[in-house]
Amino acid sequence: MADQQLADLQDGDHVQLFALIKDAQIRQTRKGDDYLSLTFSDRSGDLMGNLWDVNEEQEQSLTPGTVVYLEGTRSSYKDNPQVNIDSVRVATDNEPNDPADYVARAPESEEQIKDELRPFLKAIDNPVWQKIVYYLIGQHGEAFFKSPAAKSNHHAFVGGLSYHTLSILRLAQSVCELYPVINKSLLYSGALLHDLGKTIELSGAIGTQYTVTGKLIGHISLIDGEICTACEELHLDQDAPEVVLLRHMVLSHHGLQEYGSPIRPQLMEAEILHHLDELDASIMMMQTALRKTAPGEFSDCIFALDNRSFYRPLLNKKNE
């Protein structure tokens with residue numbers, strides 16, 4: 001079944017395909033025996049499965065970023081899809097073993113995203129914010145346009161970070177047109193920088209993992225530190241009002257301290273950025289789940305959205 005894709009599988013289907021190991025975690029059963037919790041991926045999506053009675057060789061070879069040949073049966077557990085693994089092995093040199101062939105990509109090309117971002121960069125008319133944003137995008141440019149925006153939840157594909165940023169800016173542009181009182185330059189600057197620390201927090205788009213620095217510091221604190229470093233390089237005062245406002249945009253964009261922000265939004269633009277970030281991420285997760293859902297059915301549960309499933313209405317084409 002050379003053309004079989006993970007997203008095509010239904011409960012009971014026999015699985016015979018090549019896939020990329022996106023994540024691999026060594027865990028223990030109640031009896032204390034090791035097993036591997038694996039996430040397989042291709043350009044259509046992800047599928048989880050557990051490899052029981054795992055041996056040391058498998059623990060060392062079945063690692064994130066490795067292409068494998070997988071056999072098993074597609075099933076569900078607590079309404080979440082999974083594969084019951086019969087066998088899994090590393091792809092050989094004579095088999096399709098290039099990890100890049102199994103990684104999803106942004107729906108717009110890198111050049112398209114760059115072209116669409118330029119007007120937003122030019123629209124920043126505050127010289128301090130403009131200098132900082134241009135400097136940091138320049139420093140992180142290559143990674144910014146290649147990196148995913150997350151390990152698994154949303155925009156977890158090549159170019160996901162820049163595409164997510166562009167989507168928020170498009171939303172911000174519409175909001176600013178409705179409410180002219182908003183400081184557009186501040187909102188655009190915050191949107192452009194808010195997730196830039198993920199170029200350090202995450203390992204990249206293939207077999208994405210959190211780096212040690214990412215785990216210990218996190219992307220919010222990382223980009224705040226990068227703003228301070230930019231100020232030193234650009235001979236700007238870190239305590240200047242414009243710099244403090246920009247740092248607040250980044251530091252507060254997760255909204256709540258339990259979600260990783262050290263401070264809650266206390267600027268109108270910061271509150272807007274938080275909601276636009278949440279909106280874009282939520283829509284992407286729902287869109288991804290519903291794309292794999294038949295009309296008249298509920299999607300798989302989405303963990304990041306309180307483990308809810310979403311209904312795809314059964315409509316005729318005229319009303320879709």
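Histidine 219 lies in helix 8, which covers residues 219-234; helices are DSSP runs of H or I with at least four residues, strands are runs of E with at least two, and both are numbered from the N terminus. The model is predicted: local features need pLDDT of at least 70, side-chain atom pairs count only at pLDDT 80 or more, and totals for chains, interfaces and linings use all residues. Residues are numbered from 1 along each chain as its sequence is written, and side-chain values use heavy atoms, with hydrogens and water left out.

Histidine 219 has 6% relative accessibility and therefore counts as buried (under 20% relative accessible area; exposed is over 50% and partly exposed in between, with a 1.4 Å probe and protein chains only). Leaving aside residues up to four places away in sequence, histidine 219 touches His194, Asp195, Gly197, Lys198, Glu201, His253 and His254, a contact being heavy atoms within 4.5 Å.

The chain as a whole has 10 helices and 5 strands. Its radius of gyration is 22 Å, close to the 20 Å from the globule rule for 320 residues, so the chain is as compact as a globular protein of that length. The radius is taken over C-alpha atoms, and the rule is 2.2 Å times the number of residues to the power 0.38. Along its principal axes the C-alpha trace spans about 60 × 50 × 40 Å.

Of the 320 residues, 45% count as buried. Among contacts between residues at least 6 apart in sequence, 56% join residues at least 24 apart.
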